[in-house]
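Hi there,

Here is the structure I promised to pass on. Have a look at it first, and my notes follow below.

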Amino acid sequence: RKPTLAVVGATGAVGTVMLQILSQHADIWGEIRLVASPRSAGRKLTVRGEQVEVLALSEDVFDGVDVAMFDVPDEVAAQWAPLAAAKGVVVVDNSAAFRMDPDVPLVVPEVNPHAARVRPRGIVANPNCTTLSMIVAVGALHAEFGLRELIVSSYQAVSGAGRDGVETLRRQLKLVAGSELGTSPGDVRRAVGDDTGPFPEPVALNVVPWAGSLREDGWSSEEMKVRDESRKILGLPGLRVAATCVRVPVITTHSLTVHARFEDEVTVDRAREILATAPGVVLFDNPAAGEFPTPADVVGTDPTWVGRVRRALDDPTALELFVCGDNLRKGAALNTAQIAELVAKEFTAG
Ligand code: 2RA
């Protein structure tokens, strides 16, 4: 039989992409139930070409549901995912509430699909978009070379901060368009005003070395997620990781520079072969022809795009990469849907 799916948070930025993906992928689901906060209940959204009414989140909406994809704030997931799981629903959750719970697998289907089968709490966690934007490429290289250390800088799109992030950048861009701003200290700040939305500084004509909230010793929550989640997904609890997360004036698609150090010497030729054949990765790397991935071209696509593959000049065991991934697709909705599809196979097989 075809399993029943619930999409919880169907009206949000990621929920919207989830519905697009469900309309594009093989039609493996029976009923698809759309769920959101009471504020959005009654709205009609299109999925698989049909209009479906949005239901208000309640325990009853999980009756008869086999798998639920959640994209809701951490505190909502923390409350509702266990309630759904208690009704027998397998919850695939895109919040940070359960990612580091030892009884909740953190899954990237191209890297650790087997982990999705062992879920003592009935919950499978989806990683954060920054980790997801690079981990498929890094995981493929790790499988061959054995990863020892990861040093990354992110260039994160504003849609990572939700609709508010996108609206903030668009509003600020209108205020600075056609101006001579960006030539004197503080001129951009004065032009965009005090309302910087979810960001601590203006994001138009700027880069902001901050994403998430403050953690110990000056690290951001986003940087800790990159470290903790990479370790858990790759099964390397002692992996050395240093991340610096930066917000840039891009609507959608996170980019990262990656310095990856491995057990032994690596060659660029072999790294390129691995990246060119790894599922979910596109190698786009010909600087002589001006070919490298950028968010403007990667947005709206599914794979992790890799360019600028070089061996570190001062360390023959390390590679340098530039990686781009659509933070709403592979970084959120797509990976969640892929996990849900993995779980669905258990229902169709059984
Ligand atoms: C961001 N990674 O880009 C976050 C969203 N989960 O802000």
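**Aromatic pairs and the ligand site**

There are 4 aromatic pairs in the structure, which is a predicted model. One of them joins Phe284 and Trp305: the ring centres are 5.9 Å apart and the planes stand at 90 degrees, over the 60 needed, so this pair counts as edge-to-face. Phe284 belongs to the loop between strand E11 (281–283) and helix H8 (295–298), while Trp305 is part of strand E12 (residues 304–311), so the pair ties together parts that are 21 residues apart in sequence.

Now to the ligand. You will find the ligand in the largest pocket. Around the ligand are Asn128, Cys129, Thr130, Gln156, Gly160, Ala161, Glu222, Arg247 and His254. Sorted by class, that shell has 5 polar, 2 nonpolar and 2 charged residues.

Which atoms of Glu222 and Arg247 come within reach of the ligand? For Glu222, a polar side-chain atom lies 2.4 Å from a nitrogen atom of the ligand. For Arg247, an N or O atom in the side chain is 2.7 Å from a ligand oxygen atom. Gly160 takes part through its backbone, where a polar atom is 3.2 Å from an oxygen atom of the ligand. On its own the ligand has 240 Å² of accessible area, and the protein covers 79% of that.

Best wishes

Methods:
Residues are numbered from 1 along each chain as its sequence is written. This is a predicted model: local features need pLDDT of at least 70, side-chain atom pairs count only at pLDDT 80 or more; totals for chains, interfaces and linings use all residues. Side-chain values use heavy atoms; hydrogens and water are left out. A residue is near a molecule or strand if one of its heavy atoms lies within 4 Å of it. A polar contact is a pair of N or O atoms within 3.5 Å; within protein, one must be able to donate a hydrogen and the other to accept it, and residues adjacent in sequence count only if both atoms are side-chain atoms. Accessible areas come from the Shrake-Rupley method with a 1.4 Å probe; for residues, only the protein chains shown count as cover. On a 1 Å grid over the protein atoms alone, a cavity is a set of points where a 1.4 Å probe fits but cannot get out, and a pocket is an open set with protein on both sides within 12 Å along at least five of seven lines; lining residues have an atom within 4 Å of a point. A molecule sits in a cavity or pocket if more than half of its atoms lie within 2 Å of its grid points. Ala, Val, Leu, Ile, Met, Phe, Trp, Tyr, Cys and Pro count as nonpolar, Asp, Glu, Lys and Arg as charged, and the others, Gly among them, as polar. Rings of Phe, Tyr and Trp (its six-membered ring) pair if their centres lie within 6.5 Å; planes under 30 degrees apart count as stacked, over 60 as edge-to-face and the rest as tilted. Helices (H or I, at least four residues) and strands (E, at least two) are DSSP runs, numbered from the N terminus.
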